[in-house]
Amino acid sequence: MKAKYFKSGLLFAAFAMLFTACDSDRDDNPVLGPNNTATEFVLNESPLSEQYIQLSADNTVKLTWSQPNYGVNTPVNYKVQVGLVENGTVKWNENYLETGFTTCSANVSGEELAKAICQIDGFATEDDYVDMGFREIAMRVCANVQTTTQQEVEGTSIVSNYVTFKHMAAYCMIPSLAYIYVIGNCSGWTEPAKANAEALAGWRIYETEIGNKYFHGVLTMPDYTGDALMFRFYTKLTGWDGGDSYGFKVDDEATSIELTDGVYTGAGMTGKGAWSIADFPGGDLDITVDLNKNTVRFELLK
C-alpha cells in the first residue's frame, strides 16, 4: 500500500472530532492558590502518527489534549515543544513554539514546526541546511495559569506526555536578518521587483538583530554635486505600486533635507516620498531606519 502525503492543514483538522474535549466548566469557582499542582493532563495520540507528513508554510498539524485538573475553574495557557527522536531518545528543542493557545486543541503551524526542527539540527544559516528527509518527531504540551499581566502563577506549570509522528519532514526554515532596499537615483531607479533582486543585492541594509526591525548599513553613494541624491526604501520587492515603499511622506515626490554637520535625523512612514540631499558630494552614507519608531538617521562619514 502506498504511503499518503498530507500537505493541507484541512486534512489535519478533519480529525478533530476523534479527540477528547476540554473538561466542562465547574459550578463552583474556588480561588487558585500559589502552589496548585495540576493533574490529569494528557496529550492525545494523532491518527496521523504513522502517515508521511511533509511540512510546509501552508499546512498545520492538529493536536488535542485534556484540560489539566487544577481543582478550580480557571483559564489555562498552553505552549507546544518539539523534539527529534533518535534511537528511542527524544532531543527536545530548548524553546517552545512562538504561538501559544488557550483551548485544548491547536492547529500547529508547519512553518513553526520546521523552524524548531532546524534549530534542533543546529542549522544556523541557509548554507548549512541539509534535507534530512522523513524522521520521527515528538511533541508535548506545557500548561500553566497566568495572571492578568501574563506572569505564570507559581506551581501551576505542568508538562503533558509526548506523542510522536513517525514520518515527518521539515524544510529550510532558518531565521535570518531581514533587510530593506535603498531605491533611488543612486541605484539607477531600478524597479524594486523580484526580477531585479540580484541587481539590487548591493543596495540592502540589514537588521541589527533578527526580528528587531532596526536596520543599519553603510552604502557608498555617487557624487551628485550640482544635482541631488534621492532615495527611499522598499521592504519587499513587490514593484513600484506594491505598497512596500517607505519614505519621507505618502505622496510620490522628493523632499529636500539638509545634513547638519553631516547628519540628518527625522521621521519616516509608509509612502513614496523620497529624501533629497542637494549637492551631495558622494561618499559613504551611514543609514539607520527604525521601523518600530518610524525614524531615520543619515550620516555622511568623513
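I began with Arg 232, which is buried at 4% relative accessibility (buried means under 20% relative accessible area, exposed over 50%, partly exposed in between, with a 1.4 Å probe and protein chains only). The model is predicted: local features need pLDDT of at least 70 and side-chain atom pairs count only at pLDDT 80 or more, whereas totals for chains, interfaces and linings use all residues. Residues are numbered from 1 along each chain as its sequence is written, and side-chain values use heavy atoms, with hydrogens and water left out.

**Entry 1: salt bridges**

I looked up the partner of Arg 232 and found a salt bridge with Asp 252, the closest N and O atoms being 3.4 Å apart (a salt bridge is a side-chain nitrogen of Lys or Arg within 4 Å of a carboxyl oxygen of Asp or Glu). Arg 232 lies in strand β13 (residues 224–234) and Asp 252 in the loop between β14 (245–247) and β15 (255–257), 20 residues apart. Helices (H or I, at least four residues) and strands (E, at least two) are DSSP runs, numbered from the N terminus. Asp 252 is exposed, at 54% relative accessible area.

By the salt-bridge rule I noted a count of seven. Another of these joins Arg 135 to Asp 121 at 2.7 Å, N to O. This pair links strand β7 (residues 135–144), which holds Arg 135, with helix α2 (residues 110–121), which holds Asp 121, 14 residues apart. Arg 135 is buried at 17%, whereas Asp 121 is partly exposed at 24%.

I then turned to Lys 166 and Glu 136, whose side chains meet in a salt bridge at 3.0 Å, N to O. Lys 166 is in strand β9 (residues 163–169) and Glu 136 in strand β7, 30 residues apart. Lys 166 is partly exposed at 32%, and Glu 136 is partly exposed at 21%.

**Entry 2: pockets**

I read the largest pocket as about 300 Å³ in volume. A pocket is an open set of points on a 1 Å grid over the protein atoms alone, where a 1.4 Å probe fits, with protein on both sides within 12 Å along at least five of seven lines; lining residues have an atom within 4 Å of a point. A volume is the space filled by probe spheres set on the points, which are joined across faces, edges and corners.

The lining of the largest pocket includes Tyr 179, Lys 213, Phe 215 and Leu 291. Strand β10 (residues 179–184) gives the largest share of this lining, three residues.

The second largest pocket has a volume of about 220 Å³. Among its lining residues I noted Glu 98, Lys 115, Cys 172 and Ser 176.
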